[in-house]
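This report goes through selected features of one protein model. Please look at the sequence and the structure first.

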Amino acid sequence: MPHPSATPPPAHPLRRVTVLSAVLAVLGALLGIGTGVGAGTAQAATTTDRAPLVLVGFSGVRWSDVSAQATPALASMTSGAIGTVAVRSVFTAACPADGWLGLSAGRRATDFDGTSAEHVGAPCAPVAAPVDGVQPDFAEYRRTAEGDTFSAVPGTLGRALAEAGTRTLAVNPGASIALAGTTGAVPSYVAASTPAEIGGVVQDALETGAQVVVVDAGTVRDPADLPARETPPAASRAEQVAAVDAAVAAVQRAVAGSTGTGATTLLAVSLADAGRTAHLQFGAATGPQPGGGSYEGFLGSRSTRQTAIVQTTDLTPTVLALALGSDHGTPGLVGAPVTSTDADTGAAARELKVRDLDAAAQAVQPLVGPFFTVWGASQIVLYAVATLALRKAWGGPAGRRRVLAWLRALTVVFGAVCASTFLANTIPWWRHGDSTGDHLLAVTGAVALYVAVITALALLGPWRRAALGPLGFVGFVTAAVLAVDCATGSRLITSSLNGLQPVVAGRFYGLGNQQFALFATGALLFTIAVADRLVRDRRRRAAVVLVAVAGLLATYVDGVLGSDFGGPPAILPAFGLLALVVAGVRITWRRVLLIGGATVLALAAISVADWLRPVDDQTHLGRFVQTLVDGGAWQVVERKAAQNLRILYGNWLLSLVLALAAVFIAFVLARPRVLGVSVLERAYERHPVLRPGLACLLVLLAVGFAVNDSGAAVPAVGAMLAVPLLIACVTRVLDEAPEVAGAGERARV
C-alpha cells in the first residue's frame, strides 16, 4: 500500500525541542533576531564552506544504454556509486517536465492537466526557457499541482535554497524548473546549447562560488515507444543518448578543472522515461555524500530501503542535505537523502545489479496480468473438479481413495504457488531470453520447481497424516518466506509475480496488500492447524498461548518489519477472536467491542513507539502518527477510501463478482449443510478449531479489505491460498471416514 503519510516526519517535537533551544528561541524573539531573514543569513554563512554540488539531469537513459564504447562518460560514473531511479510521477510514464517538477516540489507532480485516460497517447510537452528571469509555465504548473492528490508545491526546492542564501545556477530549461522559486522566478539562468558551452558555464560558476548548479543535459525519446500523438525526433535513440553523454562528459571535465581535488559532488540522473513504457532509469554519483564520506558502491535511500533503487523525490532532500546540511527543515518532502552502501562491491558486480533491476522489472510487468487471470481461472476449474470428485464415487473404494489422493495433491499444489512466486526470484529467470515468451517459460519453470519442493514436503512430512497438516505446513511456509524476506530487505518480493513492482513506485519494501493477504492468511492457517491439535489433545491453555503469541508475532512482522499500516487492524481482531474461542469463551457483542478497542489501543501503542524512534528508522506506523500531529490524517483516510471506491465503481463486474463470491464463501463456511457440503460439517466436528478459525479468516480478510487502499485484492488473494488448502483438508477427512467407500456416501457429500 502507498505511504500513509503525504509528508515524512520532520524532527520529532519531543526530541528536538530542548530546554536550551527553547531559551534561545525566547531570547531570539525578544532581541528581534529570530526572523526568517536572520535565520537565512546565519545559515548562508555556514553553507558557504560546504562542497559544491552539480546535478546533471536528463531523461530516457537506462543502464542498458550505457557502455564504455558508446557512452564513456556515463560508464565512468561507476567509479562512484551507481543505482537506478524510479521516476514514476502522477501517470504511468513520466514526461521530462514531470521529472523536473518532482525535483522542484519534492513530491510527485506533472505538467499534464487531465485524467489518466486523456494522458494515454498525449505527447510530452517541451519545457520552456525562462523569460526575463521567470519560468513562463510555472503558474500553470502550480495550478495543476493544486488539483491533484499529491499536495505538490512546485518551487519548494528553489525557495528553500533562496531562503538559505545559497548561490545557484540553472543551465537550460529543465534546470530552471528545478531551481525556480514558488513564484517561478529563477535566481540565475544560462542557456547552453553545446557540450563545450555547458562545460564552460559550469566551470565558471564553480570557480565564482556557486554552491548548487543544476544542468539540463537533454532528453532521450524512443521513436519506437512514443505516445500516439507525439512526433518522433529526428535523431535515433542511440544518437540522443550519445548527446547526453557528451554533455555529462563536459560537466565532468568542468568539475575536474575547477577544483582539481574531486571535492565537488556530481549527481547524474535520468528523471523521466523515454516513452510510454516505464523503466528504472540511470543514476550515479561521485564526490561527498550527505552525512559524510564519499559516494561509493550502490545508491540508496531510506525511502526505498532497496539497494541501488532511489526515487526522483529523493533528489530534493539530497540537494538540501548537501547544500544546507539538513533536509528536515523543509516541509512537504516525501523522499530521503540519497546515500551509498556496499562500497566494497566491484564495478562489474554493481553494473550487473543495476542492469538486473530494470531487466527484472520489465520482464515481470507483462506477466503479472496474465498470471492472475490464469491463476484465478484455474482456481475456478479446481473448485468445479473438486465438487465432482467429492460427490462421486468413481471406481469403487480403491478408485475413490486414488481420486481423493490426487485431489489432495492438486489442491496442495495450488496452495504452494503463492510462496513459490516469491522464491522464484532466487533464480535470475529474467536473464533467460529477450522475449515475453522466454521470460514466461523461465519464470514458470522457477515457480514449478519450488511448487514441487513445497508440495513434496507438505505431503511427505510427518504432518501428512493429519487432516490439517498440509494446510498448516503450506500456510507456515508462505508466512515464513514473506517474514524472512521483509527482515532481509524485500529482495524476493521486488519484481515478483505476486510482489511489488518498482516502476510503479507505490511501495519498495515490506508488505503491500497482496503480500499482507498471503502472509496473514498463511500465519492464521498455521495457527489454526496447531491450535486444533493442541485442543484435541486437551491442551487448551497451550493453544491459547500459541494463538496469542502467533498473533503478536504476526502483528510485529506485518506492522514493523513489513511497514504495513493497514495490516495490524485486521490481524489483531482475527487472532484475538480466535484466542477467545480456543479459550472456550463465548463470543458476545460486548467482547467483540472490547477486542476492537484493544486493537485500537495496541495499534496506537505500536505506532507511538515507532514514532519515538529516530526518523531514519521509522516505518509507516510512526509516520502516520506524525501526519496525525500535523493535522493531515483525514487526507490519508480520505485518499484510501477514494482509491477503494474508484476500484469498485470503476469495475462494476469485479465488484459484483467479489460481492457474490464473498457472500457465497461465507455462507458455505457458516452453513455447509444447506448446500449439501456435509463433508465440511464433518471436518468441523472432528476439528473443533476449524470452524471458528475460518470465521476469523473472514474477519481478517474483510477488515483488510476495508482499511487498505486498493483493498479489493486482499480477500481475493487470501482466498486463493486458503480455499485450495481447505479442500485438501476435507479430502483427508473423507479418506479417513470408514463409510467413504459406501454408495450411500455420495448422497451425503
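How many disulfides does the structure hold? The structure holds one, a disulfide being a pair of cysteine sulfur atoms within 2.5 Å. The model is predicted, so local features need pLDDT of at least 70 and side-chain atom pairs count only at pLDDT 80 or more, while totals for chains, interfaces and linings use all residues. Residues are numbered from 1 along each chain as its sequence is written, and side-chain values use heavy atoms, with hydrogens and water left out.

**The disulfide and other cysteines**

The disulfide is formed by Cys95 and Cys124, whose sulfur atoms are 1.9 Å apart. The torsion about their S-S bond is about -75°, so the disulfide is left-handed. Cys95 lies in the loop between β2 (81–86) and α5 (96–105), and Cys124 in the loop between α6 (116–119) and α7 (138–147), so the pair ties together parts that are 29 residues apart in sequence. Helices here are DSSP runs of H or I with at least four residues, and strands are runs of E with at least two, numbered from the N terminus.

Both Cys95 and Cys124 are buried. Buried means under 20% relative accessible area, exposed means over 50%, and partly exposed lies in between (1.4 Å probe, protein chains only). Relative accessibility is given below for three further residues.

| Residue | Relative accessibility | Class |
|---|---|---|
| Cys486 | 9% | buried |
| Cys696 | 3% | buried |
| Gln203 | 26% | partly exposed |

**Gln203**

Gln203 sits in helix α10 (residues 195–207). Leaving aside neighbours within four places in sequence, Gln203 is in contact (heavy atoms within 4.5 Å) with Ala254, Gly257 and Ser258. Gln203 and Ala254 are 51 residues apart in sequence, yet their C-alpha atoms are 4.7 Å apart.

**Helices α17 and α25**

Helix α17 (residues 513–536) packs against helix α25 (residues 690–707) at an angle of about 165°, and their axes are 10 Å apart. Axes are lines fitted to C-alpha atoms over the stretch in contact, and angles run from 0 to 180 degrees between N-to-C directions. The two helices, α17 and α25, are therefore roughly antiparallel, the term for angles over 145 degrees. From α17, the contact is made by Phe516, Ala520, Thr521, Leu524, Ile528 and Asp532.

Notes: Parallel < 35°, antiparallel > 145°, perpendicular 65-115°, else oblique.
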